[in-house]
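Work through the exercises below with the model at hand. Each task is followed by a solution in steps.

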Amino acid sequence: MDIKKTQHTVTENALSTKKVRDFVADIKSEIQKVQWTSKEELIAYTKIVVLTTFVFGMSIYFMDLMIQGVLNGLSLLLRLVGG
């Protein structure tokens, strides 16, 4: 009975090792199919992302300043009118 358990475990280990090898082989084949960007494209896209992020950030900052100015102006106007 102990012999059967040992043989069963060895068979399971062999199947498990085969599955791992097949999985790694599949990953390698899929990575080879990927069309990677060139260095020039990567640099260009990075510049676009950084510039766009900067522009949106500055837009939000200036909108915040404008809203803050309007609210401060309303506050001053209410103080003058309300006393």
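**Exercise 1. The chain as a whole**

What percentage of the 83 residues in the chain do buried residues make up? Find also the secondary structure.

Solution. The model is a predicted one. Step 1: a residue counts as buried under 20% relative accessible area. Step 2: buried residues make up 0% of the chain. Step 3: the secondary structure consists of two helices and zero strands. Step 4: the chain has an accessible surface of about 8,200 Å², and carbon and sulfur atoms account for 69% of that.

**Exercise 2. Salt bridges**

Find the salt bridges and state how exposed their residues are.

Solution. Step 1: the structure has two salt bridges. Step 2: one joins Lys18 to Asp22, with 3.1 Å between the closest N and O atoms. Both residues belong to helix H1 (residues 2–33) and are four residues apart, about one turn of the helix. Lys18 is partly exposed at 48% relative accessible area, and Asp22 is partly exposed at 37%. Step 3: Glu30 and Lys33 form a salt bridge at 3.3 Å, N to O. They too lie in helix H1, three residues apart. Glu30, at 45% relative accessibility, is partly exposed. Exposed means over 50%, so Lys33, at 61%, counts as exposed.

How values were computed:
Residues numbered from 1 in each chain as written. Predicted model: local features only at pLDDT ≥ 70, side-chain atom pairs only at ≥ 80, totals over all residues. Heavy atoms only, no water. Buried < 20%, exposed > 50% of the residue type's maximum accessible area, 1.4 Å probe, protein only. Areas by Shrake-Rupley, 256 points an atom, 1.4 Å probe, with all protein chains shown as cover. Salt bridge = Lys/Arg side-chain N within 4 Å of Asp/Glu carboxyl O.
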